[in-house]
Amino acid sequence: MMNFEKSCPVCTSSDKLIRFNWGEYPVIHCNQCGLDYCSQMVEKESGGNSSPVHMEGIEMMTKAFHKTNALAMKYAEKRLAIYESILNRKCQNVLEVGCGPGVFYRPWKEFNVSWTGIDINPYWKEFGEKNQIPISNYSIDSLNGQYDVVMAYQVIEHVEDPISFMESIMVLLKPGGIIHLELPNQNSLTSKLRQFSSKLSYDYGFIQPPMHLRAFREKTIYRLFENFNLDTKMVFTCGNTDKTWGQVRDYSLFQKSLYSITGGLGFGSLLIGMAQKGFSVDKTII
Ligand SMILES: [Zn+2]
């Protein structure tokens with residue numbers, strides 16, 4: 001692994017790094033690709049190279065799970081149409097990395113797409129067993145199938161080394177396969193409000209130690225895909241309640257209107273990136 005104190009985890013730049021302290025912790029901004037990050041992981045998920053998800057988030061997802069199946073179904077239907085238009089063939093199988101409660105398992109099954117869900121947190125494996133959802137604890141590197149689509153929703157901001165994470169995904173994509181990332185947008189309104197002063201905010205935007213130690217912008221995602229010679233299909237920001245790309249959550253009416261306004265203004269909290277792997281095998285290495 002690279003020394004991230006000296007070089008950026010996404011673009012490997014070493015002379016474009018700007019270092020500053022935010023309250024009690026040091027942050028590095030890469031002026032080349034726009035990544036904000038902390039070079040040291042404070043805390044790691046057991047058995048993984050990623051920062052942990054806090055219990056509050058887990059409880060929220062558990063609660064939302066039982067209310068949001070209809071929403072997941074709508075998203076899956078719309079996304080499938082887009083995936084297949086890019087694939088130019090039927091989408092047969094998908095891999096969801098960091099799938100949490102596996103809310104997308106039943107929707108994909110409904111559309112005859114085989115869903116594989118992995119999550120390193122043992123809580124979700126157990127949750128899956130109780131709810132008849134086949135969630136496994138395997139690490140991404142232990143899989144050996146090949147998939148039409150690999151999706152990672154709210155995952156890459158937890159990953160210590162985004163390049164090696166992408167390398168693992170590349171191996172798991174069929175030729176012409178699609179990677180679909182969803183993550184927090186460091187240029188969102190919420191994030192910008194948390195970048196004024198460390199006296200007002202412990203978080204520096206979406207740098208939220210110990211949970212999130214990497215915060216991406218649109219141009220960071222472009223750069224990440226370029227590293228792998230991927231054919232970038234879309235990189236854009238939207239609100240959490242976007243009708244196609246939103247998050248499966250149980251939103252209040254207030255949140256719905258707020259997210260749709262900030263999303264519409266281009267300051268939405270979600271960053272979406274989608275890219276396609278080439279059909280020739282030798283173009284996937286940096
Ligand atoms: Zn960079």
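1. In this predicted model, strands β4 and β5 (residues 114–118) run parallel and are joined by five bridges. Within this pairing, Leu-95 of the chain lies opposite Thr-116 in β5. Between β4 and β5 the chain passes through helix α3 (residues 105–110), and this β-α-β crossover is right-handed.

2. β4 also pairs with β7: the two run parallel, with four bridges between them. Here Val-97 is opposite Ala-152 in β7.

3. Which residues of helix α5 (residues 162–172) are buried? They are Pro-162, Phe-165, Met-166, Ile-169 and Leu-172. Viewed along the axis of α5, the buried residues lie within an arc of 115°, so they line one face of the helix. Their packing partners are β4 (93–97), β7, β8 (173–184), β9 (214–215) and α7 (218–227).

4. The largest nonpolar core has 70 residues, of which Val-94, Val-149, Val-150 and Ile-179 touch the most other members. Strand β7 (residues 147–153) supplies the largest share of this core, six residues. In soluble globular proteins, nonpolar side chains tend to be buried together.

5. Val-150 links several of the points above. Apart from neighbours within four places in sequence, Val-150 is in contact with Leu-95 and Val-97, with Ile-169, Leu-172 and Leu-173, and with Gly-177 and Ile-179.

Note on methods: Residues numbered from 1 in each chain as written. Predicted model: local features only at pLDDT ≥ 70, side-chain atom pairs only at ≥ 80, totals over all residues. Core = buried A, V, L, I, M, F, W, Y, C linked by C-beta atoms within 7 Å. Buried ≥ 20, exposed ≤ 12 C-beta atoms within 10 Å, placed from the backbone. Contact = placed C-beta atoms within 7 Å. Arc of directions from axis to C-beta. Pairing = 2+ DSSP bridges. Right-handed = clockwise from strand over helix to strand, strands pointing away.
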